[in-house]
Amino acid sequence: MPFFEKWTPTALLHIALYLGACFMILTLVPNSIWDPEIEAITYVIGILGLWRYLWWSTHFVRAIIYGRIVYPRLRSRGETIWQAGWRPRHLHFMMTTFREHREISEAVVRGIVSQVREAGCPATLWLGSGDIYDEEIIAAHLALVGSDLDITFRIVRQNQSGKRMAIALVLRAMSRAMISDGDPVVFMDGDFVIAPGTLRKCLQVFAADPECQALTTDEDVIVRGPWWMQSWLDMRFAQRRLAMQSHALSNRVITLTGRMSMFRARHVKQEEFIRLLEADYLDHWLWSKFRFLSGDDKSTWFYMLKHGHRLLYVPDGTGYTIEVIKGSAFKRMVENFRRWSGNMLRNGKRAISLGPARMPFFIWWCLIDQRLAMWTMLVSPVLAISATFFKGLGYAIAYFAFLAMTRMLLSLVIFCYARKVDLHFVWILYVNQITNASVKVFMLWRLAKQKWSNRGDQKAGFAEGGGIAVFREVMANYLTVLSVVSLFIATIVYAKLLELPSWDFVWTMVIP
(Lines give C-alpha, C1' and ligand atoms only; values in the text may rest on other atoms or scores of the structure.)
Protein backbone atom coordinates (compact mmCIF):
# COMPACT_ATOMS: atom_id res chain seq x y z
CA MET A 1 0.00 0.00 0.00
CA PRO A 2 1.35 3.49 -0.84
CA PHE A 3 2.78 5.30 2.20
CA PHE A 4 0.30 8.19 2.29
CA GLU A 5 -2.72 5.89 1.87
CA LYS A 6 -1.83 4.15 5.13
CA TRP A 7 -0.07 6.87 7.12
CA THR A 8 -2.75 9.53 6.66
CA PRO A 9 -2.54 12.90 8.49
CA THR A 10 -5.43 11.77 10.70
CA ALA A 11 -3.63 8.56 11.67
CA LEU A 12 -0.40 10.42 12.43
CA LEU A 13 -2.29 12.97 14.53
CA HIS A 14 -3.98 10.23 16.55
CA ILE A 15 -0.62 8.54 17.16
CA ALA A 16 0.95 11.83 18.29
CA LEU A 17 -1.95 12.59 20.66
CA TYR A 18 -1.77 9.08 22.06
CA LEU A 19 1.98 9.26 22.78
CA GLY A 20 1.56 12.74 24.24
CA ALA A 21 -1.08 11.49 26.66
CA CYS A 22 1.21 8.64 27.75
CA PHE A 23 4.07 11.08 28.34
CA MET A 24 1.86 13.35 30.42
CA ILE A 25 0.72 10.48 32.61
CA LEU A 26 4.30 9.37 33.21
CA THR A 27 5.51 12.89 34.07
CA LEU A 28 2.55 14.49 35.85
CA VAL A 29 0.85 11.67 37.75
CA PRO A 30 2.63 10.78 41.02
CA ASN A 31 4.08 7.28 40.95
CA SER A 32 6.50 5.14 42.91
CA ILE A 33 8.36 3.35 40.13
CA TRP A 34 11.75 4.54 41.47
CA ASP A 35 10.99 3.91 45.13
CA PRO A 36 14.17 2.32 46.55
CA GLU A 37 12.14 -0.50 48.07
CA ILE A 38 10.74 -1.66 44.74
CA GLU A 39 13.05 -0.18 42.12
CA ALA A 40 14.28 -3.73 41.44
CA ILE A 41 10.84 -4.43 39.96
CA THR A 42 11.18 -1.54 37.55
CA TYR A 43 14.61 -2.77 36.48
CA VAL A 44 13.35 -6.33 35.92
CA ILE A 45 10.36 -5.15 33.88
CA GLY A 46 12.61 -2.81 31.91
CA ILE A 47 15.24 -5.45 31.19
CA LEU A 48 12.65 -7.99 30.08
CA GLY A 49 11.02 -5.37 27.89
CA LEU A 50 14.37 -4.37 26.41
CA TRP A 51 15.16 -8.00 25.60
CA ARG A 52 11.82 -8.58 23.90
CA TYR A 53 11.99 -5.34 21.91
CA LEU A 54 15.56 -5.97 20.80
CA TRP A 55 14.45 -9.43 19.67
CA TRP A 56 11.59 -7.99 17.63
CA SER A 57 13.89 -5.28 16.30
CA THR A 58 16.10 -8.08 15.02
CA HIS A 59 13.10 -9.61 13.27
CA PHE A 60 12.21 -6.21 11.84
CA VAL A 61 15.65 -5.64 10.34
CA ARG A 62 15.81 -9.17 8.95
CA ALA A 63 12.31 -8.79 7.46
CA ILE A 64 13.35 -5.58 5.70
CA ILE A 65 16.43 -7.30 4.24
CA TYR A 66 14.36 -10.21 2.94
CA GLY A 67 11.41 -8.12 1.73
CA ARG A 68 13.42 -5.29 0.14
CA ILE A 69 16.60 -7.03 -1.10
CA VAL A 70 16.62 -10.84 -1.10
CA TYR A 71 13.10 -11.63 -2.28
CA PRO A 72 12.94 -8.94 -5.04
CA ARG A 73 16.09 -10.42 -6.59
CA LEU A 74 14.57 -13.89 -6.46
CA ARG A 75 11.31 -12.59 -7.93
CA SER A 76 13.19 -10.83 -10.74
CA ARG A 77 14.99 -14.05 -11.74
CA GLY A 78 11.70 -15.92 -11.65
CA GLU A 79 9.95 -13.32 -13.77
CA THR A 80 12.70 -13.55 -16.38
CA ILE A 81 12.30 -17.34 -16.55
CA TRP A 82 8.51 -16.99 -16.74
CA GLN A 83 8.65 -14.44 -19.56
CA ALA A 84 10.97 -16.78 -21.45
CA GLY A 85 8.10 -19.28 -21.58
CA TRP A 86 8.78 -21.68 -18.71
CA ARG A 87 5.70 -23.39 -17.26
CA PRO A 88 5.31 -26.45 -15.03
CA ARG A 89 4.28 -29.64 -16.78
CA HIS A 90 1.18 -30.02 -14.63
CA LEU A 91 -0.35 -28.30 -11.60
CA HIS A 92 -2.00 -30.13 -8.71
CA PHE A 93 -4.31 -28.60 -6.12
CA MET A 94 -4.89 -30.63 -2.97
CA MET A 95 -7.94 -29.15 -1.24
CA THR A 96 -9.91 -30.35 1.76
CA THR A 97 -13.30 -29.06 2.82
CA PHE A 98 -16.11 -30.00 5.15
CA ARG A 99 -19.66 -28.63 4.80
CA GLU A 100 -18.44 -25.20 3.76
CA HIS A 101 -20.81 -22.34 2.92
CA ARG A 102 -21.78 -22.44 -0.76
CA GLU A 103 -20.66 -18.89 -1.54
CA ILE A 104 -17.26 -19.53 0.05
CA SER A 105 -16.69 -22.76 -1.90
CA GLU A 106 -17.67 -21.04 -5.13
CA ALA A 107 -15.28 -18.14 -4.45
CA VAL A 108 -12.48 -20.66 -3.81
CA VAL A 109 -13.19 -22.42 -7.11
CA ARG A 110 -13.18 -19.12 -9.02
CA GLY A 111 -9.81 -18.30 -7.45
CA ILE A 112 -8.32 -21.62 -8.57
CA VAL A 113 -9.72 -21.28 -12.09
CA SER A 114 -8.31 -17.75 -12.49
CA GLN A 115 -4.87 -18.96 -11.36
CA VAL A 116 -4.86 -21.88 -13.79
CA ARG A 117 -5.98 -19.62 -16.60
CA GLU A 118 -3.11 -17.22 -15.87
CA ALA A 119 -0.55 -20.04 -15.62
CA GLY A 120 -1.68 -21.53 -18.93
CA CYS A 121 -0.95 -25.17 -18.12
CA PRO A 122 -3.08 -28.24 -17.32
CA ALA A 123 -4.15 -28.83 -13.75
CA THR A 124 -5.90 -31.31 -11.51
CA LEU A 125 -8.04 -30.38 -8.53
CA TRP A 126 -7.92 -33.17 -5.96
CA LEU A 127 -10.72 -32.81 -3.41
CA GLY A 128 -10.46 -34.54 -0.06
CA SER A 129 -14.11 -34.66 0.88
CA GLY A 130 -16.21 -35.93 3.73
CA ASP A 131 -19.64 -34.96 2.39
CA ILE A 132 -21.42 -35.07 -0.97
CA TYR A 133 -22.74 -31.57 -0.27
CA ASP A 134 -19.32 -30.01 -0.91
CA GLU A 135 -18.58 -32.27 -3.88
CA GLU A 136 -21.72 -31.25 -5.77
CA ILE A 137 -21.19 -27.52 -5.19
CA ILE A 138 -17.55 -27.60 -6.30
CA ALA A 139 -18.18 -29.85 -9.31
CA ALA A 140 -21.05 -27.70 -10.55
CA HIS A 141 -19.22 -24.40 -10.16
CA LEU A 142 -16.01 -25.75 -11.66
CA ALA A 143 -17.96 -26.84 -14.74
CA LEU A 144 -19.58 -23.40 -14.91
CA VAL A 145 -16.48 -21.21 -14.67
CA GLY A 146 -13.67 -23.51 -15.84
CA SER A 147 -15.10 -25.45 -18.77
CA ASP A 148 -12.68 -23.76 -21.18
CA LEU A 149 -9.60 -24.98 -19.29
CA ASP A 150 -7.79 -28.28 -19.02
CA ILE A 151 -8.74 -28.94 -15.39
CA THR A 152 -9.40 -32.46 -14.15
CA PHE A 153 -11.55 -32.81 -11.04
CA ARG A 154 -10.90 -35.82 -8.83
CA ILE A 155 -12.85 -36.57 -5.67
CA VAL A 156 -11.32 -38.68 -2.93
CA ARG A 157 -14.04 -39.48 -0.41
CA GLN A 158 -12.58 -40.13 3.02
CA ASN A 159 -13.67 -43.25 4.86
CA GLN A 160 -12.30 -42.04 8.19
CA SER A 161 -13.01 -38.72 9.84
CA GLY A 162 -10.57 -35.84 10.14
CA LYS A 163 -8.69 -33.46 7.88
CA ARG A 164 -5.46 -35.39 8.25
CA MET A 165 -7.03 -38.55 6.89
CA ALA A 166 -8.59 -36.63 4.02
CA ILE A 167 -5.17 -35.22 3.02
CA ALA A 168 -3.44 -38.60 3.34
CA LEU A 169 -6.03 -40.32 1.13
CA VAL A 170 -5.57 -37.65 -1.54
CA LEU A 171 -1.78 -38.03 -1.42
CA ARG A 172 -2.07 -41.78 -1.79
CA ALA A 173 -4.32 -41.24 -4.79
CA MET A 174 -1.71 -38.90 -6.27
CA SER A 175 0.99 -41.50 -5.69
CA ARG A 176 -1.06 -44.19 -7.46
CA ALA A 177 -1.60 -41.78 -10.35
CA MET A 178 2.22 -41.50 -10.61
CA ILE A 179 2.32 -37.73 -10.82
CA SER A 180 5.68 -36.34 -11.89
CA ASP A 181 8.27 -35.66 -9.17
CA GLY A 182 8.75 -32.08 -10.31
CA ASP A 183 5.08 -31.12 -10.45
CA PRO A 184 4.05 -28.37 -8.01
CA VAL A 185 1.41 -29.48 -5.51
CA VAL A 186 -0.63 -26.75 -3.83
CA PHE A 187 -2.00 -27.61 -0.39
CA MET A 188 -4.98 -25.39 0.43
CA ASP A 189 -8.00 -25.19 2.67
CA GLY A 190 -11.51 -25.16 1.32
CA ASP A 191 -12.12 -21.63 2.62
CA PHE A 192 -8.99 -20.01 1.16
CA VAL A 193 -9.55 -17.72 -1.83
CA ILE A 194 -6.33 -17.27 -3.83
CA ALA A 195 -5.67 -13.65 -4.84
CA PRO A 196 -4.82 -12.83 -8.48
CA GLY A 197 -1.19 -13.46 -9.44
CA THR A 198 -0.36 -15.52 -6.35
CA LEU A 199 0.14 -18.87 -8.07
CA ARG A 200 2.36 -17.33 -10.74
CA LYS A 201 4.58 -15.72 -8.09
CA CYS A 202 4.92 -19.03 -6.24
CA LEU A 203 5.78 -20.92 -9.41
CA GLN A 204 8.38 -18.31 -10.30
CA VAL A 205 10.12 -18.92 -6.95
CA PHE A 206 10.23 -22.66 -7.71
CA ALA A 207 11.66 -21.89 -11.15
CA ALA A 208 14.25 -19.40 -9.88
CA ASP A 209 15.41 -21.50 -6.90
CA PRO A 210 15.64 -25.23 -7.67
CA GLU A 211 16.77 -25.85 -4.07
CA CYS A 212 13.49 -24.52 -2.68
CA GLN A 213 11.36 -27.58 -1.93
CA ALA A 214 8.34 -25.93 -0.34
CA LEU A 215 6.97 -22.46 0.27
CA THR A 216 4.08 -20.67 1.85
CA THR A 217 2.34 -17.38 1.17
CA ASP A 218 0.92 -14.33 2.85
CA GLU A 219 -2.60 -14.52 4.27
CA ASP A 220 -5.42 -12.16 5.03
CA VAL A 221 -8.83 -12.67 6.58
CA ILE A 222 -12.36 -11.41 6.13
CA VAL A 223 -14.38 -11.79 9.33
CA ARG A 224 -18.12 -12.12 9.41
CA GLY A 225 -18.48 -11.27 13.05
CA PRO A 226 -17.54 -8.62 15.65
CA TRP A 227 -15.31 -5.75 14.54
CA TRP A 228 -12.73 -6.48 17.24
CA MET A 229 -12.28 -9.99 15.87
CA GLN A 230 -11.33 -8.46 12.51
CA SER A 231 -8.85 -6.13 14.22
CA TRP A 232 -7.36 -8.99 16.23
CA LEU A 233 -6.82 -11.18 13.17
CA ASP A 234 -5.51 -8.22 11.14
CA MET A 235 -2.93 -7.67 13.87
CA ARG A 236 -1.94 -11.34 14.01
CA PHE A 237 -1.48 -11.56 10.26
CA ALA A 238 0.61 -8.38 10.30
CA GLN A 239 2.82 -9.98 12.97
CA ARG A 240 2.99 -13.10 10.81
CA ARG A 241 4.21 -11.11 7.78
CA LEU A 242 7.00 -9.61 9.84
CA ALA A 243 8.07 -12.93 11.39
CA MET A 244 7.83 -15.01 8.22
CA GLN A 245 10.04 -12.64 6.23
CA SER A 246 12.59 -12.66 9.05
CA HIS A 247 12.60 -16.46 9.15
CA ALA A 248 12.77 -16.79 5.36
CA LEU A 249 16.05 -14.88 5.38
CA SER A 250 17.51 -18.09 6.87
CA ASN A 251 15.94 -20.17 4.07
CA ARG A 252 13.47 -21.72 6.50
CA VAL A 253 10.07 -20.84 7.90
CA ILE A 254 8.60 -22.14 11.13
CA THR A 255 5.30 -23.24 9.64
CA LEU A 256 4.04 -24.26 6.21
CA THR A 257 0.56 -22.97 6.76
CA GLY A 258 -2.35 -25.20 5.82
CA ARG A 259 -4.17 -22.24 4.28
CA MET A 260 -1.85 -22.41 1.27
CA SER A 261 1.54 -23.99 0.80
CA MET A 262 3.28 -25.44 -2.24
CA PHE A 263 5.48 -28.55 -2.39
CA ARG A 264 7.42 -30.35 -5.05
CA ALA A 265 5.55 -33.59 -5.73
CA ARG A 266 8.52 -35.83 -4.98
CA HIS A 267 8.04 -35.15 -1.28
CA VAL A 268 4.28 -35.55 -0.97
CA LYS A 269 4.47 -39.01 -2.54
CA GLN A 270 6.88 -40.29 0.10
CA GLU A 271 5.41 -42.85 2.48
CA GLU A 272 7.09 -41.15 5.44
CA PHE A 273 5.46 -37.83 4.50
CA ILE A 274 2.01 -39.41 4.14
CA ARG A 275 2.24 -41.46 7.33
CA LEU A 276 3.32 -38.43 9.31
CA LEU A 277 0.22 -36.62 8.10
CA GLU A 278 -2.31 -39.35 8.73
CA ALA A 279 -0.89 -40.81 11.95
CA ASP A 280 1.37 -38.21 13.55
CA TYR A 281 1.55 -38.76 17.26
CA LEU A 282 3.32 -37.84 20.46
CA ASP A 283 4.47 -40.25 23.15
CA HIS A 284 4.01 -38.23 26.34
CA TRP A 285 5.06 -39.21 29.84
CA LEU A 286 1.64 -38.25 31.26
CA TRP A 287 -0.77 -38.75 28.37
CA SER A 288 0.97 -41.77 26.84
CA LYS A 289 0.73 -42.10 23.05
CA PHE A 290 -1.88 -39.97 21.28
CA ARG A 291 -2.48 -38.86 17.71
CA PHE A 292 -2.58 -35.26 16.56
CA LEU A 293 -5.97 -33.91 15.56
CA SER A 294 -5.13 -30.61 13.84
CA GLY A 295 -1.72 -29.18 12.95
CA ASP A 296 -1.28 -31.01 9.65
CA ASP A 297 0.79 -28.02 8.49
CA LYS A 298 3.14 -28.53 11.43
CA SER A 299 3.61 -32.20 10.47
CA THR A 300 4.48 -31.38 6.86
CA TRP A 301 6.81 -28.64 8.11
CA PHE A 302 8.55 -31.00 10.52
CA TYR A 303 9.15 -33.51 7.73
CA MET A 304 10.73 -30.87 5.51
CA LEU A 305 12.75 -29.39 8.39
CA LYS A 306 13.98 -32.82 9.47
CA HIS A 307 15.31 -33.54 6.00
CA GLY A 308 17.04 -30.15 5.72
CA HIS A 309 15.03 -28.75 2.81
CA ARG A 310 14.92 -25.07 1.91
CA LEU A 311 11.56 -23.48 2.77
CA LEU A 312 10.65 -19.96 1.62
CA TYR A 313 7.96 -17.34 2.01
CA VAL A 314 6.27 -15.40 -0.80
CA PRO A 315 5.29 -12.03 0.72
CA ASP A 316 3.50 -10.65 -2.35
CA GLY A 317 1.44 -13.77 -2.97
CA THR A 318 -1.65 -13.87 -0.83
CA GLY A 319 -5.13 -15.18 -0.33
CA TYR A 320 -8.16 -14.61 1.85
CA THR A 321 -9.80 -16.76 4.46
CA ILE A 322 -13.43 -16.06 5.23
CA GLU A 323 -14.07 -16.55 8.95
CA VAL A 324 -17.74 -16.94 9.89
CA ILE A 325 -18.08 -16.39 13.65
CA LYS A 326 -21.01 -18.12 15.31
CA GLY A 327 -21.69 -17.85 19.01
CA SER A 328 -19.20 -16.21 21.36
CA ALA A 329 -16.34 -14.51 19.50
CA PHE A 330 -14.14 -14.49 22.61
CA LYS A 331 -14.68 -18.22 23.07
CA ARG A 332 -13.74 -18.73 19.43
CA MET A 333 -10.57 -16.69 19.98
CA VAL A 334 -9.56 -18.80 23.00
CA GLU A 335 -10.31 -22.02 21.10
CA ASN A 336 -8.08 -20.81 18.26
CA PHE A 337 -5.34 -20.09 20.76
CA ARG A 338 -5.73 -23.58 22.23
CA ARG A 339 -5.42 -25.15 18.78
CA TRP A 340 -2.50 -22.98 17.62
CA SER A 341 -0.64 -23.15 20.93
CA GLY A 342 -1.19 -26.89 21.25
CA ASN A 343 0.16 -27.44 17.75
CA MET A 344 3.21 -25.31 18.53
CA LEU A 345 3.95 -27.07 21.82
CA ARG A 346 3.42 -30.56 20.41
CA ASN A 347 5.74 -29.97 17.47
CA GLY A 348 8.19 -27.44 18.88
CA LYS A 349 9.95 -29.78 21.30
CA ARG A 350 10.79 -32.40 18.70
CA ALA A 351 11.92 -29.72 16.24
CA ILE A 352 14.23 -28.25 18.89
CA SER A 353 15.56 -31.75 19.52
CA LEU A 354 16.84 -31.85 15.93
CA GLY A 355 19.43 -29.32 17.06
CA PRO A 356 21.08 -26.39 15.27
CA ALA A 357 23.07 -28.80 13.09
CA ARG A 358 19.86 -29.70 11.20
CA MET A 359 18.71 -26.13 10.60
CA PRO A 360 20.07 -22.57 10.67
CA PHE A 361 20.90 -21.51 14.21
CA PHE A 362 18.54 -18.51 14.05
CA ILE A 363 15.56 -20.77 13.28
CA TRP A 364 16.51 -23.15 16.07
CA TRP A 365 16.69 -20.24 18.51
CA CYS A 366 13.31 -18.93 17.30
CA LEU A 367 11.78 -22.27 18.29
CA ILE A 368 13.35 -22.01 21.74
CA ASP A 369 12.19 -18.39 22.05
CA GLN A 370 8.59 -19.48 21.41
CA ARG A 371 8.74 -21.55 24.58
CA LEU A 372 10.56 -18.94 26.63
CA ALA A 373 8.20 -16.12 25.65
CA MET A 374 5.15 -17.74 27.18
CA TRP A 375 6.80 -17.48 30.60
CA THR A 376 8.50 -14.10 30.29
CA MET A 377 5.24 -12.55 29.07
CA LEU A 378 3.64 -13.39 32.42
CA VAL A 379 6.45 -12.00 34.57
CA SER A 380 5.69 -8.30 34.05
CA PRO A 381 2.00 -8.43 35.11
CA VAL A 382 2.94 -10.55 38.13
CA LEU A 383 5.51 -7.94 39.18
CA ALA A 384 3.15 -5.05 38.52
CA ILE A 385 0.35 -6.61 40.57
CA SER A 386 2.80 -7.35 43.40
CA ALA A 387 4.22 -3.81 43.38
CA THR A 388 0.71 -2.33 43.35
CA PHE A 389 -0.16 -4.46 46.37
CA PHE A 390 2.90 -3.14 48.27
CA LYS A 391 2.94 0.48 47.09
CA GLY A 392 -0.59 1.32 46.03
CA LEU A 393 -2.38 2.55 42.92
CA GLY A 394 0.38 4.92 41.84
CA TYR A 395 2.53 2.07 40.57
CA ALA A 396 -0.41 0.58 38.66
CA ILE A 397 -1.00 3.91 36.88
CA ALA A 398 2.66 4.17 35.93
CA TYR A 399 2.69 0.57 34.71
CA PHE A 400 -0.42 1.21 32.64
CA ALA A 401 1.26 4.21 30.99
CA PHE A 402 4.38 2.11 30.37
CA LEU A 403 2.27 -0.57 28.70
CA ALA A 404 0.37 1.97 26.64
CA MET A 405 3.55 3.57 25.34
CA THR A 406 5.57 0.41 24.65
CA ARG A 407 2.67 -1.33 22.91
CA MET A 408 2.24 1.71 20.72
CA LEU A 409 5.93 1.59 19.78
CA LEU A 410 5.56 -2.08 18.90
CA SER A 411 2.34 -1.34 17.02
CA LEU A 412 4.18 1.24 14.91
CA VAL A 413 6.34 -1.62 13.62
CA ILE A 414 3.32 -3.87 13.10
CA PHE A 415 1.54 -1.08 11.19
CA CYS A 416 4.30 -1.36 8.57
CA TYR A 417 3.03 -4.86 7.77
CA ALA A 418 -0.69 -4.22 8.31
CA ARG A 419 -3.17 -3.19 5.64
CA LYS A 420 -4.03 -0.05 7.59
CA VAL A 421 -3.14 1.89 10.74
CA ASP A 422 -5.55 0.57 13.36
CA LEU A 423 -5.05 2.06 16.83
CA HIS A 424 -7.03 -0.81 18.31
CA PHE A 425 -3.87 -2.88 17.79
CA VAL A 426 -2.37 -1.27 20.90
CA TRP A 427 -4.72 -2.79 23.46
CA ILE A 428 -5.55 -5.87 21.40
CA LEU A 429 -1.82 -6.62 21.25
CA TYR A 430 -1.50 -6.76 25.03
CA VAL A 431 -4.65 -8.85 25.48
CA ASN A 432 -3.37 -11.14 22.73
CA GLN A 433 0.02 -11.55 24.44
CA ILE A 434 -1.39 -12.27 27.91
CA THR A 435 -4.13 -14.59 26.66
CA ASN A 436 -1.76 -16.46 24.36
CA ALA A 437 0.85 -16.93 27.11
CA SER A 438 -1.79 -18.10 29.59
CA VAL A 439 -3.29 -20.57 27.13
CA LYS A 440 0.18 -21.94 26.33
CA VAL A 441 0.92 -22.54 30.01
CA PHE A 442 -2.47 -24.23 30.37
CA MET A 443 -1.95 -26.38 27.26
CA LEU A 444 1.62 -27.33 28.22
CA TRP A 445 0.26 -29.97 30.59
CA ARG A 446 -2.74 -30.96 28.43
CA LEU A 447 -1.19 -31.68 25.04
CA ALA A 448 -3.59 -34.56 24.39
CA LYS A 449 -6.64 -32.34 24.84
CA GLN A 450 -7.49 -31.14 21.34
CA LYS A 451 -10.51 -29.42 19.85
CA TRP A 452 -11.21 -28.09 16.38
CA SER A 453 -14.37 -26.02 16.07
CA ASN A 454 -13.69 -25.19 12.40
CA ARG A 455 -14.10 -28.79 11.30
CA GLY A 456 -17.26 -30.23 12.74
CA ASP A 457 -16.30 -29.44 16.37
CA GLN A 458 -13.87 -32.36 16.47
CA LYS A 459 -12.37 -33.26 19.79
CA ALA A 460 -9.57 -35.54 20.89
CA GLY A 461 -8.58 -36.86 24.25
CA PHE A 462 -8.95 -40.16 26.04
CA ALA A 463 -12.03 -42.28 26.23
CA GLU A 464 -10.88 -44.44 29.13
CA GLY A 465 -12.34 -43.75 32.52
CA GLY A 466 -11.44 -44.93 35.95
CA GLY A 467 -8.39 -44.19 38.00
CA ILE A 468 -5.96 -43.42 35.17
CA ALA A 469 -8.21 -40.70 33.73
CA VAL A 470 -8.70 -39.12 37.16
CA PHE A 471 -4.94 -39.28 37.83
CA ARG A 472 -4.12 -37.55 34.54
CA GLU A 473 -6.58 -34.73 35.15
CA VAL A 474 -5.43 -34.23 38.73
CA MET A 475 -1.76 -34.30 37.70
CA ALA A 476 -2.37 -31.78 34.88
CA ASN A 477 -4.13 -29.43 37.30
CA TYR A 478 -1.39 -29.87 39.90
CA LEU A 479 1.39 -29.12 37.39
CA THR A 480 -0.45 -26.06 36.09
CA VAL A 481 -0.85 -24.63 39.59
CA LEU A 482 2.73 -25.57 40.48
CA SER A 483 4.06 -23.81 37.37
CA VAL A 484 2.14 -20.61 37.98
CA VAL A 485 2.89 -20.49 41.72
CA SER A 486 6.57 -21.23 41.10
CA LEU A 487 6.73 -18.43 38.52
CA PHE A 488 5.04 -16.05 40.95
CA ILE A 489 7.30 -16.90 43.89
CA ALA A 490 10.49 -16.88 41.82
CA THR A 491 9.54 -13.52 40.34
CA ILE A 492 8.78 -11.71 43.59
CA VAL A 493 11.84 -13.24 45.28
CA TYR A 494 14.10 -12.12 42.43
CA ALA A 495 12.58 -8.64 42.58
CA LYS A 496 13.25 -8.60 46.37
CA LEU A 497 9.58 -8.22 47.24
CA LEU A 498 9.89 -11.34 49.34
CA GLU A 499 12.93 -12.50 51.20
CA LEU A 500 13.51 -16.18 51.75
CA PRO A 501 14.48 -17.22 55.27
CA SER A 502 18.19 -17.75 55.84
CA TRP A 503 19.67 -21.21 56.24
CA ASP A 504 20.39 -20.39 59.88
CA PHE A 505 16.73 -19.64 60.46
CA VAL A 506 15.66 -22.85 58.71
CA TRP A 507 18.19 -24.83 60.69
CA THR A 508 16.96 -23.44 64.02
CA MET A 509 13.38 -24.28 63.04
CA VAL A 510 14.32 -27.86 62.24
CA ILE A 511 16.58 -28.36 65.24
CA PRO A 512 15.50 -26.11 68.13
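Q: Where does Arg 99 lie?
A: Arg 99 is in the loop that links β1 and α4. This is a predicted model, in which local features need pLDDT of at least 70 and side-chain atom pairs count only at pLDDT 80 or more, while totals for chains, interfaces and linings use all residues. Residues are numbered from 1 along each chain as its sequence is written, and side-chain values use heavy atoms, with hydrogens and water left out. Helices (H or I, at least four residues) and strands (E, at least two) are DSSP runs, numbered from the N terminus.

Q: Why does Arg 99 count as exposed?
A: Buried means under 20% relative accessible area, exposed over 50%, and partly exposed in between, with a 1.4 Å probe and protein chains only. Arg 99 has 55% relative accessibility and therefore counts as exposed.

Q: What is the phi of Arg 99, and what is the phi of Met 178?
A: Arg 99 has phi near 50°, a positive value in a residue other than glycine. For Met 178, likewise not glycine, phi is near 55° and positive. Most residues other than glycine have a negative phi. Met 178 sits in the loop between α6 (163–176) and β4.

Q: Why is Met 178 called exposed?
A: Its relative accessible area is 69%, so Met 178 is exposed.

Q: What makes Ile 155 partly exposed?
A: Ile 155 has 40% relative accessibility, and therefore counts as partly exposed. Ile 155 belongs to strand β3 (residues 151–157). Leaving aside residues up to four places away in sequence, Ile 155 touches Leu 127, Ser 129 and Glu 135, where contact means heavy atoms within 4.5 Å.

Q: Why are β3 and β11 said to stand at the edges?
A: These strands belong to an open sheet of 7 strands with mixed pairing, in the order β3-β2-β1-β4-β8-β6-β11. β3 and β11 each have a single partner strand, so one side of each has no neighbour in the sheet. From one strand to the next, the twist averages 20°.

Q: How do you know that β1 and β4 pair?
A: Two strands pair if DSSP finds at least two bridges between them. Strand β1 (residues 91–97) and strand β4 (residues 184–189) have 5 bridges, in the parallel sense. Met 94 has Phe 187 as its bridge partner in β4. Helix α4 (residues 102–119) lies across β1, β2 (123–129), β3 and β4, and runs at about 175° to β1.

Q: What makes strand β6 largely enclosed by the rest of the structure?
A: In β6 (residues 212–217), 6 of the 6 residues are buried, so the strand is largely enclosed. β6 pairs with strand β11 (residues 310–314) in the parallel sense over 5 bridges, and Thr 217 has Val 314 as its bridge partner in β11. With strand β8 (residues 260–264), β6 pairs in the antiparallel sense over 3 bridges; Leu 215 stands opposite Met 262 in β8.

Q: How do you know that helix α7 is mostly covered?
A: Of the 11 residues of α7 (residues 198–208), 10 are buried. Among them are Leu 199, Cys 202, Leu 203, Val 205 and Phe 206, as well as Lys 201.

Q: Why are β5 and β7 placed at the edges?
A: An open sheet of 3 strands has mixed pairing and the order β5-β12-β7. β5 (192–194) and β7 (220–224) each have a single partner strand, so one side of each lacks a neighbour in the sheet. The twist here averages 25° from one strand to the next. β7 pairs with strand β12 (residues 319–324) over 5 bridges in the parallel sense.

Q: Why is α13 called oblique to α16?
A: Helix α13 (residues 361–391) and helix α16 (residues 467–494) pack at about 60°, with axes 10 Å apart. Angles under 35 degrees count as roughly parallel, over 145 as roughly antiparallel, 65 to 115 as roughly perpendicular and the rest as oblique. Therefore α13 is oblique to α16. Angles run from 0 to 180 degrees between N-to-C directions, and axes are lines fitted to C-alpha atoms, for helices over the stretch in contact. Residues in the contact include Trp 375 and Leu 378 of α13 and Leu 487 and Phe 488 of α16.

Q: What makes α14 roughly perpendicular to α15?
A: Helix α14 (residues 393–415) and helix α15 (residues 425–444) pack at an angle of about 105°, with their axes 8 Å apart. Therefore α14 is roughly perpendicular to α15. The contact includes Tyr 399, Leu 403 and Arg 407 of α14 and Phe 425 and Leu 429 of α15.
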